[in-house]
Amino acid sequence: MSAKGTKQENLWKMVEQNYASDDVEELKRDIARHMEYSQAKTRHTAQTLDWYKSLALAVRDRVMERWNDTQEAYYRNDAKRVYYLSMEFLLGRTMHNALLNLDLLEPARKAMQDFGMDLDELIVEEPDAGLGNGGLGRLAACFVDSMATMQLPATGYGIRYDYGIFEQAIVDGFQVERPDDWLRQGNTWEILRPEYTYRVQFGGRVEQSTDAEGRLRNRWVDTDDVLALPYDLPVPGYRNRTVNSLRLWSARALNRFDLKEFNKGEYIQAMEDRVLGENISKVLYPKDDIPPGKILRLKQEYFFVSATIQDIIRRYRVNHDDFEAFPDKVAIQLNDTHPALAIPELMRLWMDEEGMDWDKAWALSVKTFAYTNHTILPEALEHWPVRILHDMLPRHLQIIYEINRRFLEQVAASHPDDERLLRRMSIVEEQPVKSVRMAHLAIVGSHSVNGVAALHTEIIKAQLFGDFHGMWPERFNNKTNGVTQRRWLKLCNPQLSKLIDRRIGPDWVTDLGKLKGLADLADEAKLQKRWLKVKREKKAELAKLVLDQLGIELDLDSIFDVQIKRIHEYKRQLMNIMHVVALYHRIKDDPKADFAPRSFIFAGKAAPGYAMAKRVIKLIHAVADVVNNDEDVAGRLKVVFLPNYSVSMAQKLFPAADVSEQISTAGYEASGTGNMKFQLNGAITLGTLDGANVEILEEVGQANIFIFGLKAHEVAELRQQGYHPQEHYDREPELKRVVDAIAHGDFSPDEPGRFKPILDSLLTAGDTYMVMADFAAYAEAHEQMVVAYGDRKRWARMSILNTAFGGKFSSDRTIGQYASEIWDVKAVAPLHKKDR
C-alpha cells in the first residue's frame, strides 16, 4: 500500500475503531458541538428548538454508527430481506423512542439537566410524523419496530408526504381540517439519499415490436416522468445495536421549470409542470370523491411502488447477476391493496427491461409477493376504473389483462361452464364501471394472503374471498395483529413499567409472554394497591391535559371510559354518545339516586368528506355542552372530546383509561390494535365479539372482560331475515327517549333538525350498523361494569390480569409468525466497526 493509501487507512481506522460513548459527559460535549456547528447558535442565543435539534443530532450520531453496522452485515451475509410496502406509517415522535431503544433516556435527561433544560419539554418540540390515518399506519410503525428488535433484515417503504393526516380543530362543535405541516421545522432524523433517485413514468403509449428471435417486445414511450427522491429514517431495535431503515419517497419534477417561459414573464406556466409533478407526495389521502383526487391517489400508489421495486432490484443486484434467486433473497409484503400495482410493475421491469419471458417472470413474482387484507368494508377494497388506468398506466393495464386472462383460463379449467364464478373471481369487473379489483390482483399475484385476526380471517375465507380460498386454501392464513410493548407500555407508562419490573423483572420488554408472571400476583393486596395508585397517577396526567386544553375538570374517582379511534359509523361512537344521553336522563329523573361518577372521553378524526361521521362529532359536542353545564349532574357525568388525536396524545390516553370501548358492529372490525394497547395498560374491555376482541376474551377469560351484543353470524342472519330497527324504538322506552330527545332538539335548540340525518340513518335507512339492535345489551354491559368497578379489589385484580394476559398481542409475536411462516427470513446481527 502506498504512503497515501496508508494515511487514508489510518484516517478510517480513527473512525472505525471507536464508537461515540453513551457517557453523560461525552453526550454533553456532542450536544454542545451540534449547537455550535449544526445549529450555529451559542448558549446565549439558543432556543428550545435548538436544544431539541442538538440533542437529536447527538443521539442520531450514535444511531448512525449502528445503522452502518447493520446494513453492512446484511450485504456481507447476502441475507434474505423483507420489504414492507405501506402507504401509511403513523410513526409519532422519533426521539423519545430512539432514546428508549438506545438506553439513552437517563443519560439524556441528566445531560439536559446539566444544561438547565428539561428533557420532557424538548421531546414535545418534535411534531408527530402523522403519515397515516389510523390503525393501518400505526400497525406498520409497530411492525418495523419489531423487525428491528428481532434483528430481521427489513426495510419499510412509503411516501414522504409533505402534509400528513390533517390537524383537527373543533369550532362550535364542528370538525375543521387544517394542513398538517409536519416538516415546517425540518426533520432532524431523515437522511436524503439522492444517489438512489429513480424515474417514474406516467401516461404515454405502448409501442410493440418483434425482436430478432421473433419475440414480441413492448416499450412504454412518450411518458410524463417525475423523479422519486428517497429519504431514509432510522428504525433502532431495542438495545441490540440493530438499526433498520424506513425509506420514504418524495416526488420531484424532472425539469425544475421552463426557463423560456420564465424569461417571458410567464411565471405560473413556467412552474406548472414542477407543481403538478410534486403534488404526488404533497398530501396524505387527497380527497378522492372527485376525478382529480382519484387520479392523484392512483398516481401516489404507482409512484411509490415503482420507485420501491426499482430500488429492491438495485439492492438485489449488489450480490447477484441474475434473478434466479430473487424469491430466495427478497420477500415483499403488501400492506393492504394500496401497493398492489407492485405486482404488474415487477412483471413490466422483468419482461420489458430484462427480457424475461412471462412464465418465468410470473413464477418468480408470485413466490416473492405476500398480501395482507385489513378490511371487509367495500370502500376500502380498491377498484380502479379501467379508463383511468388506460390513460395513466397503459402498459400495466396490458399486463393486468394478461394476468386475468391466464387466471380465468385456470378457473375455467377446473369449473367449466360456471360463468357466474368467472365474473365473481375476475380481476376486471365489468359493472357498474369497468374496473380493476385490486384485492383480486393482490390475491392472484401472491403466494400468501393473510387476515389480521382469527375472526377476520374466517370471514375473508368464508365470505369475502371464499371463491379464492376454495381454489387456493394453502395461500390463506391468519396473522393476528400486535403492538410494540416498547412504545405502548414501557415508553408511555413508565410508572407501570417500573412496577412490573420490580415484581417480575424486565424481560417482558422483548418477550411479552413474560407478563404472565403477574397472574400469580393478581390477588396480592400490596400489588393491587400500587397498581391502582399508578392508574390514578396516569388519570391525573390526562386530567391535567383535559383541563389545559378544554377547561374541563375531571374527577379522578370517576370511571375514565375511553373511546379513541377514527370516527366511522361501524365503530359506533354514535351508540356511545346515545348511551351517555340515557345516563343523563336517569340522573335528571332522580338527581338524588346513587350514581357511579363517569367521565366519557372521545378522540378521533373523521375523514374530511365523511358527512355522517362529522355529524357524530357535532352530536358528541352538543351532548357535552348540555351535560357538562347541568348542575343536576355535576360531579357524576362528564363528556369530553379531545381534538387532533395523534400518537403522542394516544400515549397519554391509553395508560389513563379504566374502560376500553371496543364496540364496533360484529364482523366489521378486522382486528383493532387500540384494544390491545388499552389491555396492556390495564384497562378493561367493554366490547362486541369483533376483531381481536374475540382473542382478548380467549386470553383474559369471561370474568375479566365485558362482552355484549350480536355476534358476526347473528348480524348476517338478522340482515338476511330482515332487520327492522323501528321495532327496537317501539319496544325499548329508554332507547325511544334518547332518539326523541335528539330529534326534538334537546341538544340543538338553535336548530332542532340538525341531527335528523343521524336519526334517519337509524330509523329510515335501515340502521346498517345495528346501533338500535345492540343498544339495550350495551347499556346492560355498562351496568355490569359499574358493579365491578365499585369493588376495588375485584377491579384491581381484573386490571392486573388484563395486562398479564396481553402477551399474545405483541407485534413481536406477529412478526415472528410472518418471518417463519410467510417470509422465511432469519435474524442477522450487526457487524462491529472494526470488522467492516
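So, how much of the accessible surface of the protein chain belongs to carbon and sulfur atoms? It's 50% of about 33,600 Å², with areas from the Shrake-Rupley method and a 1.4 Å probe, where for residues only the protein chains shown count as cover.

Quick housekeeping. This is a predicted model, where local features need pLDDT of at least 70 and side-chain atom pairs count only at pLDDT 80 or more, while totals for chains, interfaces and linings use all residues. Residues are numbered from 1 along each chain as its sequence is written, and side-chain values use heavy atoms, with hydrogens and water left out.

Okay, the overall picture. The protein chain has 34 helices and 25 strands; those are DSSP runs numbered from the N terminus, H or I with at least four residues for helices, E with at least two for strands. The C-alpha trace spans about 90 × 75 × 65 Å along its principal axes. For 836 residues a compact globule would come out near 28 Å in radius of gyration, and the protein chain agrees, at 28 Å. That's taken over C-alpha atoms, and the globule rule is 2.2 Å times the number of residues to the power 0.38.

Of the 836 residues, 60% are buried, meaning under 20% relative accessible area, with exposed being over 50% and partly exposed in between. As for contacts (heavy atoms within 4.5 Å), take those with a separation of 6 or more: 77% come from residues 24 or more positions apart.

Now let's zoom in on helix 21, residues 494-504. Its buried residues are Leu496, Ser497, Leu499 and Ile500. Down the helix axis they fall within an arc of 160°, so they line one face of helix 21; the arc uses directions from the axis to the C-beta atoms. On the face turned away from that buried side you'll find Lys498 and Arg502, both exposed. And what covers the buried residues? Helix 20, helix 22, helix 26 and helix 33 are among the elements that do. After helix 21 comes Gly505, with a positive phi near 90°.

Helix 18, residues 454-464, buries His456, Thr457, Ile459, Ile460 and Lys461. Their cover includes strand 18, helix 19 and strand 19.

Last stop: Ser306, in helix 10. Ser306 is buried, at 1% relative accessible area. Setting aside neighbours within four places in sequence, Ser306 is in contact with Val200 and Glu345. Its C-alpha sits 8.3 Å from that of Leu341, 35 residues apart along the chain.

Technical notes
Buried means under 20% relative accessible area, exposed over 50%, partly exposed in between (1.4 Å probe, protein chains only).
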